[in-house]
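Student: Could you take me through the aromatic rings of this protein, with a close look at how they pair?

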Amino acid sequence: MSKSVLLVDDDKVLNFLTANAFKRSEHVTEVFVAYDGIEALHLLDELEEPLDFILLDISMPNMDGFQFLKNYYEKGLNSSAKIAIYTSSIEEADKYKAAEFKDVIDFIVKPLSNEKLDEILAEL
């Protein structure tokens, strides 16, 4: 079964590398990229099919990951997508805050290892 993924991170190089890693998977057919929460919300508004997975950075300009999640739920955009926070933050407070959102299944500290990518793909 094919899956769709949204990467939300302001780091263009990291998005490129992560998107390519997902595209190499036989399980993923579509990878969308947004560079902040505002762009991600606009993209979600335009998609006709729900996403399967969102990999979300916390620290971004314009709208950070937590603001994105708040808006995501307020706008009723929450589908069956699983969400993983993907950040350079090692703050316990960020982990607890992420856990407050019902669809957040993981808190990944950058960089994304091949083993962690395989684990995510297996769960999709």
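Tutor: Happy to! The protein averages 90, and 98% of the residues score at least 70. This is a predicted model, in which local features need pLDDT of at least 70 and side-chain atom pairs count only at 80 or more, while totals for chains, interfaces and linings use all residues. Residues are numbered from 1 along each chain as its sequence is written, and side-chain values use heavy atoms, leaving out hydrogens and water.

Now the rings. The whole structure holds 5 aromatic pairs, where rings of Phe, Tyr and Trp (its six-membered ring) pair if their centres lie within 6.5 Å; planes under 30 degrees apart are stacked, over 60 edge-to-face, and the rest tilted. Phe 22 and Phe 53 have ring centres 6.1 Å apart and planes at 45 degrees, so this pair is tilted. Because Phe 22 lies in helix H1 and Phe 53 in strand E3, the pair ties together parts 31 residues apart in sequence. Both Phe 22 and Phe 53 are buried (under 20% relative accessible area; exposed is over 50%, partly exposed in between, with a 1.4 Å probe and protein chains only). Tyr 72 and Tyr 73, with centres 5.2 Å apart and planes at 80 degrees, are therefore edge-to-face. Tyr 72 is buried, at 0% relative accessible area. Ring pairs also link Tyr 72 and Tyr 73 with Phe 66, Phe 68 and Phe 101 into a cluster.

Key: pLDDT is the predictor's confidence in each residue, from 0 to 100. Helices (H or I, at least four residues) and strands (E, at least two) are DSSP runs, numbered from the N terminus.
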